[in-house]
Amino acid sequence: MSLGRKIYLKSVKDKKKLKPGKFIEIDVDLILSNDITTPPAIDAFNQSQIGKIKSPEKAVIVADHFTPNKDIDSAEQVKKVRNFAQEWELKFFGAGCGIEHALLPEKGLVVPGDITIGADSHTVTYGALGAVASGVGSTDIAYAWVTDKVWFKVPEAIKVILKGKLQPHVSGKDIILYLISLIGIDGALYKGMEFCGETLEELSMESRFTISNMVIECGAKYGIMEPDDKTIKYVEKRAQRPYLPLPDKYSIKEDNDFDEVMEIDCSLIEPQVAFPSSPANSYPVSSIQKVEVDQVVLGSCTNGRWEDFVKASKIIKGRKAKEELRFIVIPSTAAIYKKMADEGLLSVFIDGGAIISPPTCGPCLGGHMGVLASGEKALSTTNRNFVGRMGHKDSEVYLANPEVAAETAVRGYISVPQ
Amino acid sequence: MSSKQKLNIKGRAFKFSDSVDTDQIIPARFLDTSDPKILASHCMAGVDDEFASKVKPGDIIVAGKNFGCGSSREHAPLSIKGCGISAVVAESFARIFFRNAINIGLPIIECSDFNTNTGDEISIDPEKGHIENITTGDVASFCEFPEFLSKIIAAGGLMEKAKEGNSGE
């Protein structure tokens, strides 16, 4: 039985009900929503006239998408959400606190073994902590507020074994882009992905978050990793709730009860770039022709963590972003922002010609803080390069890791550090 | 909703390709409201700026694989429902879009071998799992939803189910 199903078992006691394809209703540990997805949840909650939130302590709302508010309408939305959170005593993080999927792990609000839902597709990020975490919609959030529950179709599970030593300048982003390019944008649709293997063991928590974060880009319901010493070290000083490291010394690697098994030789992976307009459209940067860009974005729930900035700062140090290129650096939480200030990274980026933005999802979804005009191109460490994702329908987004982003900012065209 | 869902659906088709993502269905710049009427006025703006002015209540969206992939924004099915679209037929749906549609009572149908062009007249019999292209005479069949989902649809959406009390698994 896969790790995902094992965790579902804590709510569904009967193993027989956990056959793939069956529908279950399960208790959730955490109910997340943001400034964009909470308003429709409030509407659904109000229209139902149920008038009671079952477990207010399970709800977390993060205003991170259009904050600090970009216009009057988005300010009104956040006001609506903030007032609702106050009225029902729900945990609320306002402008500048951080991007939800970086913030929640940092605050210890998600722990191993959790069943987490979030009205944001990148909720899958928490799989890196050993939580079964899935993106859902706003009505699901309203339903969970009043019942503590969510419905799911029990997914088939794919075991993904990561092996081989990584090449220089390759990190979690390249592994997941490579994987998505292998299986396609719907290659794991309705399925759970469970990661293991020697390469994973070597990866930092940051790289693990990046991998889990992007499993949605191949359609997966969750992307879980079994907690190891690194996970526990990360979680133990932060956890706001007790947790079980693992049920029965479980190991994904040893488990043969998977619907599919994939083995990836990570030693073959070079730094990747995903061309417009699909995250599955990935190639080694070394193989591409010259692509000049107007903007580089370094940040997001995918690649806006401490290690991402450390790696990028080493590339940019003593150099300068190309003139006229907009190099936007976005620490994903207030704590990371402060650490960058304390340890001199902000100076490195500012000297390198960067624009430092407060924590926000902003440009990733074409919201604000870096929207593209027609014909413009951006290289971004975010997760999606759909048509018009960062602005005008005729703009283009290329996805890559933070080191490629920094080198590209200096050269003005998509490049790998030498 | 249950009786409404069971009624025959008839309308004009709007054809879309594979992997139409939610950024295309409702671009993020329009996410500063949750009002279905306003969202409807921008429906499909990322693919076809004129869709919202061309579409009429009762029309049907017919798409390829992985419809509604990407972001979890429920604004996507809300905007489609707000236009008065009577059903979305696709080869497959991305999972969050699928659950959002079920939860808000937007009729969706998974059907893999149905040929349509924009403008064709389509007729759907949800009871019999039968879909017909009246313009070309092409027919196809689809499976009814499992009982669990039918119950949510019959209740009129997920919050209606919540009101009925937790009926358990």
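## Cavities

This predicted model holds 5 cavities of 30 Å³ or more. The largest cavity has about 220 Å³ of space. Its lining is made of 23 residues. Nearest the centre of the largest cavity lie A:His65, A:Asp120, A:His122, A:Leu365 and A:Arg389. By type, the lining of the largest cavity splits into 10 polar, 8 nonpolar and 5 charged residues.

Which helices each supply at least two residues of this lining? They are helix H4 (100-106) and helix H10 (300-303) of chain A. Both domain 1 (3-267) and domain 2 (273-411) of chain A give residues to the lining, so the largest cavity lies between these domains.

The second largest cavity has a volume of about 100 Å³. Here 13 residues form the lining. Those nearest the centre of the second largest cavity come from chain A and chain B: A:Ile216, A:Gly219, B:Cys69, B:Gly70 and B:Ala94. This lining divides into 7 nonpolar, 4 polar and 2 charged residues.

## Two domains of chain A

Chain A is divided into domain 1 (3-267) and domain 2 (273-411). Taken over C-alpha atoms, the centres of the two domains of chain A are 24 Å apart. The domains also touch: 37 residues of domain 1 are in contact with 37 residues of domain 2.

## Nonpolar cores

The largest nonpolar core has 94 residues. Which of them have the most contacts inside this core? They are A:Trp145, B:Phe51, B:Phe67, B:Ile80 and B:Phe97. Helix H5 (residues 138-147) of chain A gives the largest share of this core, 6 residues. Domain 1 (3-267) and domain 2 (273-411) of chain A both give residues to this core, so the core lies between them.

Take B:Ile80 as an example from the largest core. Neighbours within four places in sequence are left aside here. B:Ile80 is then in contact with B:Ile25, B:Cys43, B:Met44, B:Ile61, B:Phe67, B:Ile85, B:Val88, B:Phe97 and B:Leu106. Two of these partners, B:Phe67 and B:Phe97, are also listed with the most contacts inside the largest core.

## A buried glycine

Where does A:Gly98 sit? Its place is the loop between strand E4 (91-93) and H4 of chain A. Is A:Gly98 buried or exposed? Buried means under 20% relative accessible area. A:Gly98 has 2% relative accessibility, so A:Gly98 counts as buried.

A:Ala63 is 35 residues away from A:Gly98 along the chain. Their C-alpha atoms are separated by 8.4 Å. Leaving aside neighbours within four places in sequence, A:Gly98 is in contact with A:Val62, A:Asp64, A:Leu103, A:Ser332, A:Thr333 and A:Pro359.

## A covered helix

Helix H14 (residues 402-411) of chain A is mostly covered. How many of its 10 residues are buried? The count is 9. They are A:Pro402, A:Glu403, A:Val404, A:Ala405, A:Ala406, A:Glu407, A:Thr408, A:Ala409 and A:Val410.

What covers the buried residues of H14(A)? The cover includes strand E14 (295-299), strand E15 (326-330) and strand E17 (377-380) of chain A. It also includes H10 and helix H11 (306-316) of chain A.

How values were computed. Residues are numbered from 1 along each chain as its sequence is written. Chains are lettered from A and ligands numbered from 1 in the order in which they are written. This is a predicted model: local features need pLDDT of at least 70, side-chain atom pairs count only at pLDDT 80 or more; totals for chains, interfaces and linings use all residues. Side-chain values use heavy atoms; hydrogens and water are left out. On a 1 Å grid over the protein atoms alone, a cavity is a set of points where a 1.4 Å probe fits but cannot get out, and a pocket is an open set with protein on both sides within 12 Å along at least five of seven lines; lining residues have an atom within 4 Å of a point. Grid points are joined across faces, edges and corners, and a volume is the space filled by probe spheres set on the points. Helices (H or I, at least four residues) and strands (E, at least two) are DSSP runs, numbered from the N terminus. Ala, Val, Leu, Ile, Met, Phe, Trp, Tyr, Cys and Pro count as nonpolar, Asp, Glu, Lys and Arg as charged, and the others, Gly among them, as polar. Domain bounds come from an automatic or database domain assignment. A nonpolar core is a set of buried Ala, Val, Leu, Ile, Met, Phe, Trp, Tyr and Cys residues joined through side-chain atoms within 4.5 Å. Buried means under 20% relative accessible area, exposed over 50%, partly exposed in between (1.4 Å probe, protein chains only). Contact means heavy atoms within 4.5 Å.
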